[in-house]
Amino acid sequence: MAPSRRSPLMLAGLLATAGVTHFVAPKPYDATIPRMLPGSPRTWTYVSGAAELALAAGLAHPRTRRAAAHATAAFFVGVFPANVQMALDWRHRPTALKTAALGRLPLQIPLVLWARGVARGSRQG
């Protein structure tokens, strides 16, 4: 099934919103950065926020949509370790927070599939 014309823009909106929140409220994102990464968690938070904003811009424009959609799928796979780190770190928190952290893990699958669907539905430009 081909994505609707709105689908790439909805995905771009999701990424843009997430990207902005990395800069407006970075502290929760800092806590999800895997400790094995070098440097400051805040730097990684800002880098991932900037990446989300760049991906959103790429998805919004038909000429760059296909490449941006492939990059978005890869990005969603790449941030999965942060979601795993969050689930591990939050395993002793209240049930609602644990549930939210664990719920993020399978959510990556439809996000990757959404991005791949946008790529398939985009014309080479």
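Helix 1 and helix 3 each supply at least two residues of a nonpolar patch; helices here are DSSP runs of H or I with at least four residues, numbered from the N terminus. The patch lies on the surface and consists of Val20, Phe23, Val24, Tyr46 and Leu53, with about 430 Å² of accessible area together. Helix 1 gives the most to the patch, with 3 residues. Patches are made of residues with over 30% relative accessible area and no salt bridge; like charges are joined within 9 Å, and nonpolar side chains (Val, Leu, Ile, Met, Phe, Trp, Tyr) within 5 Å. The accessible areas come from the Shrake-Rupley method with a 1.4 Å probe, and for residues only the protein chains shown count as cover.

The structure is a predicted model, in which local features need pLDDT of at least 70 and side-chain atom pairs count only at pLDDT 80 or more, while totals for chains, interfaces and linings use all residues. Residues are numbered from 1 along each chain as its sequence is written, and side-chain values use heavy atoms, with hydrogens and water left out.

How exposed is Leu53? Leu53, in helix 3, has a relative accessible area of 32% and is therefore partly exposed, a class between buried (under 20%) and exposed (over 50%), found with a 1.4 Å probe and protein chains only. Phe23 is also partly exposed, at 37%, as is Tyr46, at 32%.

A pair of aromatic rings is described by the distance of the centres and the angle of the planes. Rings of Phe, Tyr and Trp (its six-membered ring) pair if their centres lie within 6.5 Å; planes under 30 degrees apart count as stacked, over 60 as edge-to-face and the rest as tilted. The whole structure holds 2 aromatic pairs. One of them joins Phe23 and Tyr46, which are stacked, with 5.2 Å from centre to centre and 5° between the planes. This pair links distant parts of the chain, since Phe23 is in helix 1 and Tyr46 in helix 3, 23 residues apart.

The interior comes next. In soluble globular proteins, nonpolar side chains tend to be buried together. A nonpolar core is a set of buried Ala, Val, Leu, Ile, Met, Phe, Trp, Tyr and Cys residues joined through side-chain atoms within 4.5 Å. The largest such core has 16 residues, and those with the most contacts inside it are Leu11, Leu15, Leu59, Ala69, Phe76, Ala115 and Val118. Helix 1 (6–24), helix 3 (41–60), helix 4 (65–78) and helix 6 (95–121) are the elements that give two or more residues to this core. Leaving aside neighbours within four places in sequence, Leu15 is in contact (heavy atoms within 4.5 Å) with Glu52, Leu55, Ala56, Leu59, Thr72 and Phe76.

Charged side chains form another kind of link. A salt bridge is a side-chain nitrogen of Lys or Arg within 4 Å of a carboxyl oxygen of Asp or Glu, and the whole structure has 2 of them. In one, the closest N and O atoms of Asp30 and Arg42 are 2.6 Å apart; Asp30 is in helix 2 (residues 27–30) and Arg42 in helix 3. Asp30 is buried at 14%, whereas Arg42 is partly exposed at 30%. Asp89 forms a salt bridge with Arg35, at 3.3 Å between the closest N and O atoms. Here Asp89 belongs to helix 5 (residues 80–89) and Arg35 to the loop between helix 2 and helix 3, 54 residues apart.
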